[in-house]
Amino acid sequence: MSEGLHHLVHRRKGFLDRTLAELAHVLDRSFSAELLSTSSGLLQGIDPRVKLAGAGILILTAAASRSLWLLAAVFVVTVTLAFASHLKVRELLTLWISVLLFSGVIALPALFLTPGQPLGWGVTKQGLQAATFLLARVLATSTVGSVLVSTTPWNHLLRAMRAFRLPVVAVVLIGMTYRYIFLFIQTTMDMLEGRQSRLAGELPAKERRAMALATVGVLMSKAFELSSDIHLAMQSRGYRGEVHALDESPLRVRDWAILSILAVGSGVALWR
Amino acid sequence: MHIPDGYLSPSTCAIAYASAAPFWYVAMQKVKRQLHTRFVPLISVFSAFSFVIMMFNLPLPGGTTGHATGVGLAAVVLGPWAGMLAISVALAIQAVFFGDGGITAIGANCFNIAIVGSLVASLVYRLVAGTSAMGSSRRLLAAGLAGYAGINAAALITAIEFGLQPMLFRDAAGTPLYAPYPLSIAIPAMMIGHLTFAGFAEFLVSAGVVSYLQRTDPTLLAREAPGAEVSLAAASLRKLWAGLALLMILTPLGLLAVGSAWGEWAPEDFANPETRREIASASQGQAPATAPAGLQRLSTIWTAPIPDYAPPILKSAAFGYVLSAMAGTGLIILFSLVAFRRRNV
Amino acid sequence: MALNVFELEQVSFAYRGVVALDKVSLSIPAGQRLALLGANGCGKSTLLRILDGLYFPDSGIVKYHGVPLTEHDFEHDAFAHSFRKRVGLVFQNPDVQLFCPTVFDEVAFGPLQLGWPKDRIKAMVAEALEYFEIAELKDRAPHRLSGGEKKRVALASVLIMDPEVILLDEPTAALDPRSQRQIVDLMKSWEDLGKTIITATHDLHLLDEIAGECVVMDKGRIAGRGSPAEVLADERLLLGANLILGR
């Protein structure tokens, strides 16, 4: 669903173009997030651990809420924070449109299929509310997630995860995977672009399929070769199977204060 | 297919995390013991590979394209335990850094796709492949079926999780608070897309790549093919297509191919009125005005056995559903565990 | 007489059924700057991996400071740590060498694995980043680095452990001339530190700057040995090892 609107531009194109567009989109997204997260803004100045925990509290609040007002509140708070952190309106709009399109299609039939008080044209009151709940929840939570990722350099986010008792090995796996995703994206793009430029016309379906599968196969062989070489490189620098990481500095009083206010606030809001 | 935030209640998400945790723990122990210092680089690089594979638009029979998760491929090449770890890491990164799938739903997505998907795929692979030669077309078919079965098991559990939401979580007026459709709608809606398009995409990726490896580097398949001789393949792809065709025929829903996988439409599909209609019919299943007759027949096939899930002794239907869903999931897992124990991965 | 850091006696090694080293005997004195010259696939990368204790010979003996190296030795933490600290290998492919999420993590990886005190590591990393002029890149991911930057990070990640033997696999390959110059200047500056530097390369034009002695390899065997001037003058040797084109 995050594939976004860029697809609209690529209508009716073959798998090569669509896959390339999708890969390029991931690169774009990570690059613009990197730029924004290292610029100055309200959220950029807050400890990543506080942001991670804060986003967690907001997402949980939205997920647990039984009131549309509370969902609206989470949404408004997040959007306000986003603007104070110079998030681009266009990016948020793109996110919202793709979320609404995706979940909208899923929510739409609920208007008619949910049993309850009829409102006319087969729509029920319960159905309308159920669809609204689903959309409001998805909108609020996806906005929180997006704001967190756009204002926090991803490696800081990774280190913040350590503070919340995520085992070191999980953090190392995620970090190394993230690092190699970009290598594979680059390799794949090089391979596909090479083929794209050599193709004069559109290939028959069977050959397109064979080409896609061969690309995946080559990529997999490379993955295995790469992993055994990386293994040697790690061993060469003293890796013995246990990963070690530097410790983080403790949270400041201000950070604890922000988190406590947020936690108490959402607790009270949910309780009422 | 990746469940976003907001579709499942927090308690469902918590249960999913709690159910996934022991599998992650056991998988970690097993794979560490097996791979020693190679654990971290192998799993990381394979996760990165899976992440990129999930972005491939695969050309499918019938002119559409579809995404695969690579869960079958991971299970066939790495085995169920390493496979579930690699796919879990890829899913977690998609959710946290790229907003694809919810953060509260990471546990559920990992449980459905990475854990259940891997175990089922691996089980099917071993059962179908047996000790057939490394380069045989039987092994190829086994790989394809593994992907197909893995993703469909994942879809079924996802559908059950969706379908339980309106029974368990509604407000005083009866408004469903999360995913709004009952099992009778959620299951057919999910399964139509997965028994056809998403299933075929997964079949293609596993079988296609295994065929590639059979011809170029069969040693990569050796880990999950105990007792098979390592030899370069002579198997032709024709049998693979025969297998795929057979699958389409055996799948009654395949004859009624409606469009694309439920919940996997690219936004441009909505721009096209024709596709939009297809999507609408795929998601409603029994929509009042527009559902084709075939679909209506189908939904009765699916709805008919569902009341039987609830044993009559139980007063609450919802409780019965939860129980039967849990029993179903439990059976699949139990079966997989028993089957793997003998081979001791 | 200079003591030998490494002595190889009749070392053979096959990788996936292909012979990579065929009865290689070689001694490398401490403090020598040795170039392993050869075309792609001649076995020089394999030789570096054997010297770094990553591969172990199928037959023959590798001695480090006169003591045979075996796979068994590396099962003991104390030995593994001390060897990994004293011998460092910079891989040719930066995507293999740089496996951490950021430049900082990359440079800190070795010291962390060796169990050095954590409070010291931060300062050491800062110092190393400064020395290699990559301090401003410390939060960058590897895929956001240029070829020359990647190479300097790779060198920093190994040199931070201050090894006595530095093994370099094609350090100047695929770099623009300016980055090549930077790397060569760095390598020259280590000459006075008394380190043993073993460089695998097929770049003949940089030879006299990076090495005092050359070993020419061909098809897993040693084809010749001599000073850079001697080797460069021996056209038949270079032709035979596919290092120059015949006329």
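Biologist: At what angle do helix H3 (residues 71-78) and helix H4 (residues 80-98) of chain B pack, and is their arrangement oblique or roughly antiparallel?

Modeller: In this predicted model, the axes of the two helices lie 7 Å apart and the angle is about 140°. Angles over 145 degrees count as roughly antiparallel. H3(B) and H4(B) are therefore oblique to each other.

Biologist: Which helix of chain C gives the most residues to the side that touches chain A?

Modeller: On this side, 31 residues of chain C are in contact with 25 residues of chain A. Helices H2 (77-86), H3 (94-97), H4 (103-113) and H5 (118-131) of chain C each give two or more residues. By class, the side has eight polar, eight charged and 15 nonpolar residues. The most, five residues, come from H4(C).

Biologist: In what order do the helices and strands of chain A run from the N terminus?

Modeller: Chain A has eleven helices and two strands. From the N terminus on, the order is α-α-α-α-α-α-β-β-α-α-α-α-α.

Biologist: What percentage of the residues of chain A count as buried?

Modeller: A residue is buried if 20 or more other C-beta atoms lie within 10 Å of its own. Of the 272 residues of chain A, the share that counts as buried is 44%.

Methods: Residues numbered from 1 in each chain as written. Chains lettered and ligands numbered in written order. Predicted model: local features only at pLDDT ≥ 70, side-chain atom pairs only at ≥ 80, totals over all residues. Contact = placed C-beta atoms within 7 Å. Helix = DSSP H or I, 4+ residues; strand = E, 2+ residues; numbered from the N terminus. Nonpolar A, V, L, I, M, F, W, Y, C, P; charged D, E, K, R; others polar. Axes fitted to C-alpha atoms, helices over the stretch in contact; angles between N-to-C directions. Parallel < 35°, antiparallel > 145°, perpendicular 65-115°, else oblique. Buried ≥ 20, exposed ≤ 12 C-beta atoms within 10 Å, placed from the backbone.
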